[in-house]
Amino acid sequence: MIYLDNNATTRVAPEVFDAMHPFLSDVFGNPSSAHTLGREMKRAIDDSREQVATLIGASDTSEIVFTSCGSESDNWAIRGVLGTRPEKKHIVTTLVEHEAVRNLCRLLENDGYEVTWLGVDHNGELDLDELRAALRPDTALVSTMLANNETGVLFPIQEIGRIVHENSEAAFHVDGVQAVGKIPINLENVDLFALSGHKLHAPQGIGALYVRKGISLSPMIIGGGQEQGRRAGTSAVPNIVGLGAACRLAREDDDHAHIERLRNRLEDEILKQTPNARLNGAADRSKRLPNTSNISFEYVDGQNILMHLDQAGICVSTGSACHSTTHESSPTLRAMNVPYTAAQGSIRFSLGRYNTEAEIETTLSVLPEIVAKLAAMSPYDKELAALK
Amino acid sequence: MQLRILPCNPWLNFWPQITRMMSTDHFFNPRNVGDADEPRFAGRSASLACGAHVRFSIQVDEAHAISQARFRAAGCSDLVAAASLLTEQVVGLTTAAAATIEQEQADVDPQCARLAREALLDAIRDFSNAARDDWAGDEALICTCFFVSERTIEREIQARGLTTVAEVTSACNAGGGCGSCHQLIQEILATNDLPR
């Protein structure tokens, strides 16, 4: 099985599994307990908090709160900020956010909030002047992602944060889920920052939220005094330990160059070999995650390519989600003005630390044949002939 | 799954798996891909909702039976399977039978099956319109699926006092196939709508 879907989730690293294992067997206890077992658990959590803080560059471990997932972190950051600023009813976000932010903001629109949706250009990049113009005295929050989950396009969060703080009193939340573990993180000018464990080889079911000192956040879960009273619920110690180990691994390994080399090879070859392939997102690779390539195969269907690759043992994602209830192409690609016939044929390749050169070569040997077969079946035969 | 057979047949327990296997096979190994040989009649259908697009082309023999059916599709795996299955099902059928085919046994999304059938229907209408124009008989041919002439339709309208296309269809079959003559039947109804 060749796994090229690391933006969806990643396998648990053996190092992470080893770190977690004792906490799923003989080492147990409630970290809130005062006895030896409880204190041991608390120490393990503190160690992990330290690892997370170090990886993303938080100045103090108290700024890190553990949650159950990235979506919880995003939801809490947004609702938490709004909860402490009830008089401010304006939010600024972008059209290309993950559903955790996008759908929540859509919901808030129904609850009396006004949302300014910033668009992107064909490269997937923001117009910072548009952002500056959107800020108002009653803007409570600006929320943008750091790295786009579909295209890997990076937003300049330091610059955005500077503009937000210079021109308004709004808090700045960053959805960093897709970036952590893949690129170095800089929290300058950032007030809140969400991350998720399973994107960096920790298990699913663990996330964290960075809350800059001085930012007040109303709690989402009320209960015992866990996480400094900010997020109640008995700590998921094994998962927290896993996230800590994953953060250490991400910091200490130097695999990023290896992943980027493989991604570049894959991307270059596909664009060269396939006449109907076009890259979605900035051609300048420094403006994208080093592991992601979103490529449209024009006039063929992405889900078809996915199924054929799956049969060949290769796992990828498509931007043209077609479920039995909803049939629509990716909002991100639509915001980028990708033509309909190309958005339908988009495939996301997202690499990870366990991919090998041989796997990339296998993919490159299988993919052109699949695309050619589907192109031969396409009703857009005249358009495809014109490309050649 | 519309199929209902006696529950004592042990194969029935596996029927959903069998139909799934069939449609999976038709997706990975689609039959009759491309364009039918000339002279061919072609139809298209597309969905704005999901972006899928199908093209169906058929060859029709002198007895108005489909002798060849081919398709092209840019759409999900269910659509490809549905179109492929349909090409196999319609060969040998008259255009009238093909126009009203119910695709029951395919375990595919009903929306995709419908889209494939619409493209087929569009191709049959393409044939019907051409056959009507080419018709060299004494009486003008209106319904090419069931070979019903203008005079027959007029006779039925006058004899029975028909006022709608549906009534004409149930009286003499005209308009019961591909539906390409509905507009013409409407016009005949209008000219025969005399005060009684």
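A salt bridge is here a side-chain nitrogen of Lys or Arg within 4 Å of a carboxyl oxygen of Asp or Glu, and this is the sense of the term in the legends below, which describe close-up views of a predicted model.

**View 1. The contact between chain B and chain A, with its salt bridges and polar contacts.** Two salt bridges are counted between chain B and chain A. One pairing of side chains in a salt bridge is that of Asp381(A) with Arg72(B), at 3.7 Å from N to O. Polar contacts between chain B and chain A amount to twelve residue pairs, with both residues at pLDDT 80 or more. On the side of chain B that touches chain A, two or more residues each come from α1 (15–28), β2 (53–60), β3 (66–74) and α2 (77–90) of chain B. Of these, β3(B) gives the most, with four residues. Sorted by class, that side of chain B holds twelve nonpolar, five polar and five charged residues.

**View 2. The extent of the contact between chain B and chain A.** The size of an interface is often given as the accessible area lost when the parts come together. For chain B and chain A, the area buried between them is about 1,900 Å², and 53% of it lies on carbon and sulfur atoms. Chain B contributes 22 residues to the contact, while chain A contributes 20 residues.

**View 3. The fold of chain B as the setting for the views that follow.** Chain B contains seven helices and five strands, and from the N terminus on its elements are arranged in the order α-β-β-β-α-α-α-β-β-α-α-α. Of its 196 residues, 48% count as buried.

View 4. In the loop between β2 and β3 of chain B lies His64(B), which has a positive phi of about 60 degrees although it is not a glycine. His64(B) has a relative accessible area of 10%; the limit for a buried residue is under 20%, and His64(B) therefore counts as buried.

View 5. The buried residues of α6(B) are Val165(B), Val168(B), Thr169(B) and Cys172(B). Around the helix axis they cover an arc of only 100 degrees, and so they lie on the same side of α6(B). On the other side of α6(B), Ala166(B) and Ser170(B) are exposed. The elements against which the buried residues of α6(B) pack are β5 (148–149), α5 and α7 of chain B. After α6(B) comes Asn173(B), with a positive phi near 75 degrees, in the loop between α6 (165–172) and α7 (182–191) of chain B. Asn173(B) is partly exposed, at 42% relative accessibility.

View 6. Glu156(B) belongs to helix α5 (residues 150–160) of chain B and is buried, its relative accessible area being 17%. Its side chain makes a polar contact of 2.6 Å with the side chain of Arg160(B). When neighbours within four places in sequence are left aside, the residues in contact with Glu156(B) are Gly161(B), Leu162(B), Ala171(B) and Cys172(B). Of these, Cys172(B) is also one of the buried residues of α6(B).

**View 7. Helix α6 of chain A and the elements that cover it.** In helix α6 (residues 157–167) of chain A, the buried residues are Ile157(A), Ile160(A), Gly161(A), Ile163(A) and Val164(A). Seen down the axis of α6(A), these residues fall within an arc of 160 degrees and therefore line one face of the helix. The elements that cover them include α5 (128–134), β5 (139–145) and β6 (171–175) of chain A. Asp129(A) lies in helix α5 of chain A, where its side chain makes a polar contact with the side chain of Arg132(A) at 2.8 Å. From Asp129(A) to Ile163(A) there are 34 residues in sequence, and the C-alpha to C-alpha distance in space is 9.3 Å.

Conventions
Residues are numbered from 1 along each chain as its sequence is written. Chains are lettered from A and ligands numbered from 1 in the order in which they are written. This is a predicted model: local features need pLDDT of at least 70, side-chain atom pairs count only at pLDDT 80 or more; totals for chains, interfaces and linings use all residues. Side-chain values use heavy atoms; hydrogens and water are left out. Buried means under 20% relative accessible area, exposed over 50%, partly exposed in between (1.4 Å probe, protein chains only). The arc is that of the directions from the helix axis to the C-beta atoms. Contact means heavy atoms within 4.5 Å. Buried area is the accessible area (1.4 Å probe) that two parts lose on being put together, summed over both. A polar contact is a pair of N or O atoms within 3.5 Å; within protein, one must be able to donate a hydrogen and the other to accept it, and residues adjacent in sequence count only if both atoms are side-chain atoms. Ala, Val, Leu, Ile, Met, Phe, Trp, Tyr, Cys and Pro count as nonpolar, Asp, Glu, Lys and Arg as charged, and the others, Gly among them, as polar.
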